Amino acid sequence: MAENASSSSDLHIIGADGELMLDGFESGWVEARTHCDHLGSLSLDLIHIPPPGTSCNRCQHPEENWLCLCCKDVLCSRFVNKHMLEHYQQKHHNLALSYSDLSVWCFSCDAYLDAQVILPLRPAYETAYILKFGNAPPFRTIEHPQGVDKEANA
């Protein structure tokens with residue numbers, strides 16, 4: 001049985017063998033990239049997209065679905081039936097937007113992308129936001145110019 005030892009600053013889960021399994025996942029914060037080399041595969045029309053709430057095109061699951069930003073198919077997450085992951089593996093369509101939290105994932109970079117900073121992603125993000133919430137997304141001050149990846153400068 002695992003022991004949990006946590007503080008306000010970090011979480012440690014110790015397995016039965018005494019091995020540290022997780023460390024520092026307390027905030028759930030993931031730094032999204034501000035640059036991606038795979039934007040050439042984006043659909044040319046990211047304003048006309050299926051609305052959030054669209055079921056998976058393969059299994060009809062109603063939740064945890066992603067929009068392929070290359071062909072605009074809606075497919076379920078790896079936590080449901082993995083249809084978006086299979087789509088990436090078969091078609092090499094590497095960019096997808098989550099209808100759950102409107103995050104953008106690049107399968108090739110294995111990273112989240114900042115859709116408010118990366119200008120070619122903005123139409124899909126803004127349209128999905130409007131379809132989901134009924135109004136435009138709040139304006140966010142951009143701290144890094146487009147194309148500057150903090151990881152590359154570190």
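Colleague: Let's start with Arg33: is it buried or exposed?

Modeller: Buried stands for under 20% relative accessible area, exposed for over 50%, and partly exposed for anything in between (1.4 Å probe, protein chains only). Arg33 has a relative accessible area of 18%, so it counts as buried. Do keep in mind that this is a predicted model: local features need pLDDT of at least 70, side-chain atom pairs count only at pLDDT 80 or more, and totals for chains, interfaces and linings use all residues. Residues are numbered from 1 along each chain as its sequence is written, and side-chain values use heavy atoms, with hydrogens and water left out.

Colleague: Where is Arg33 found, and which backbone oxygen does its side chain reach?

Modeller: Arg33 sits in the loop between strand E3 (20-23) and strand E4 (65-68); helices (H or I, at least four residues) and strands (E, at least two) are DSSP runs, numbered from the N terminus. Its side chain comes to 3.3 Å from the backbone oxygen of His35. That is a polar contact (N or O atoms within 3.5 Å; within protein, one able to donate a hydrogen and the other to accept it; residues adjacent in sequence count only if both atoms are side-chain atoms).

Colleague: The loop between E3 and E4 also holds Glu64. What is its phi near?

Modeller: Most residues other than glycine have a negative phi. Glu64 has a positive one, near 60 degrees, and is partly exposed because its relative accessibility is 37%. Lys82 also has a positive phi, near 65 degrees. Lys82 belongs to the loop between strand E5 (74-76) and H1 and, at 43% relative accessibility, is partly exposed.

Colleague: How many aromatic pairs does the structure hold, and how do I read one?

Modeller: A pair of aromatic rings is described by the distance of the centres and the angle of the planes. Rings of Phe, Tyr and Trp (its six-membered ring) pair if their centres lie within 6.5 Å; planes under 30 degrees apart are stacked, over 60 edge-to-face, the rest tilted. The structure holds four such pairs. Tyr88 and Phe107 are stacked because their centres are 4.8 Å apart and their planes are at 10 degrees. Tyr88 is in helix H1 and Phe107 in the loop between strand E7 (104-106) and strand E8 (111-113), so the pair ties together parts 19 residues apart in sequence. Both residues are buried.

Colleague: And what is the geometry of Tyr129 and Phe133?

Modeller: Their pair is tilted, 4.7 Å centre to centre with 50 degrees between the planes. They are four residues apart in helix H2 (residues 122-133), so about one helical turn separates them. Tyr129 is buried at 16% relative accessible area, whereas Phe133 is partly exposed at 47%. Together with Tyr125, they form one aromatic cluster.

Colleague: Finally, which residues lie nearest the centre of the second largest pocket?

Modeller: They are Trp66, Ser77, Arg78, Phe79 and Tyr112, from a lining of 14 residues. A pocket is an open set of points on a 1 Å grid over the protein atoms alone where a 1.4 Å probe fits, with protein on both sides within 12 Å along at least five of seven lines; lining residues have an atom within 4 Å of a point.
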